Amino acid sequence: MTVVPKAYEDGLRGLLNAWDPLDVAEDVQDEYDCMLGQLFLLLRTGADQPRIDGFLRDDLTHHFGLDPQFLGTESMAARLRAWWDGAASHHDA
């Protein structure tokens with residue numbers, strides 16, 4: 001299990017809750033916390049947008065039972081990558 005530093009945890013949770021593919025974040029703030037560790041690891045190790053997209057698609061399919069086709073995984077992967085590139089310049093990972 002990957003430990004996510006608090007500064008990154010809050011940022012990642014905020015992005016995932018804003019995306020909210022299950023449409024539950026208003027009521028369940030930690031619904032996507034199961035994704036935080038893997039996303040942090042991917043971002044910290046320099047994963048590119050297609051690799052992050054692949055993780056999102058796989059997790060939505062196998063963990064959440066969703067069809068990711070219309071859930072904007074590509075744009076979410078781009079947002080995560082851009083956020084990390086900005087956030088990592090302000091924190092030590």
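Q: Which residue just after helix 2 takes a positive phi?
A: The residue is Gly46, with a phi of about 85°. Residues are numbered from 1 along each chain as its sequence is written. The model is predicted, with local features needing pLDDT of at least 70 and side-chain atom pairs counting only at pLDDT 80 or more, while totals for chains, interfaces and linings use all residues; side-chain values use heavy atoms, leaving out hydrogens and water.

Q: How many helices and strands are in the protein chain?
A: There are four helices and zero strands. Helices (H or I, at least four residues) and strands (E, at least two) are DSSP runs, numbered from the N terminus. The order from the N terminus is α-α-α-α.

Q: What are the spans of the C-alpha trace along its principal axes?
A: They are about 35 × 30 × 25 Å. The radius of gyration of the protein chain is 12 Å, which agrees with the value near 12 Å for a compact globule of 93 residues. This radius is taken over C-alpha atoms, and the globule rule is 2.2 Å times the number of residues to the power 0.38.

Q: Back to helix 2. Which of its residues are buried?
A: They are Leu36, Gly37, Leu39, Phe40, Leu42 and Leu43. Buried means under 20% relative accessible area, exposed over 50%, and partly exposed in between, with a 1.4 Å probe and protein chains only. In the protein chain, buried residues make up 39% of the 93 residues.

Q: What do the buried residues of helix 2 pack against?
A: They pack against helix 1, helix 3 and helix 4. A contact here means heavy atoms within 4.5 Å.

Q: Take Leu36, then. What does it touch?
A: Not counting residues up to four places away in sequence, Leu36 touches Val4, Glu9, Leu12, Arg13 and Leu16. Leu36 counts as buried because its relative accessible area is 4%.

Q: How do helix 1 and helix 2 cross?
A: The axes of helix 1 (residues 6-19) and helix 2 come within 10 Å and cross at roughly 110°. These two helices are therefore roughly perpendicular to each other. Axes are lines fitted to C-alpha atoms, for helices over the stretch in contact, and angles run from 0 to 180 degrees between N-to-C directions. Angles under 35 degrees count as roughly parallel, over 145 as roughly antiparallel, 65 to 115 as roughly perpendicular and the rest as oblique.

Q: Which residues meet there?
A: Tyr8, Glu9, Leu12, Arg13 and Leu16 of helix 1 meet Leu36, Leu39, Phe40 and Leu43 of helix 2. They divide into seven nonpolar, no polar and two charged. Ala, Val, Leu, Ile, Met, Phe, Trp, Tyr, Cys and Pro count as nonpolar, Asp, Glu, Lys and Arg as charged, and the others, Gly among them, as polar.

Q: At what angle do helix 2 and helix 3 pack?
A: The angle is about 170°, and the axes of helix 2 (residues 36-44) and helix 3 are 10 Å apart. Helix 2 and helix 3 are therefore roughly antiparallel. Gln38, Leu39, Leu42 and Leu43 of helix 2 make this contact with Arg51, Ile52, Phe55 and Leu56 of helix 3.

Q: And what about helix 3 with helix 4: at what angle do they cross?
A: Helix 3 (residues 49-62) and helix 4 (residues 73-87) cross at roughly 125°, and their axes come within 8 Å. They are therefore oblique to each other.
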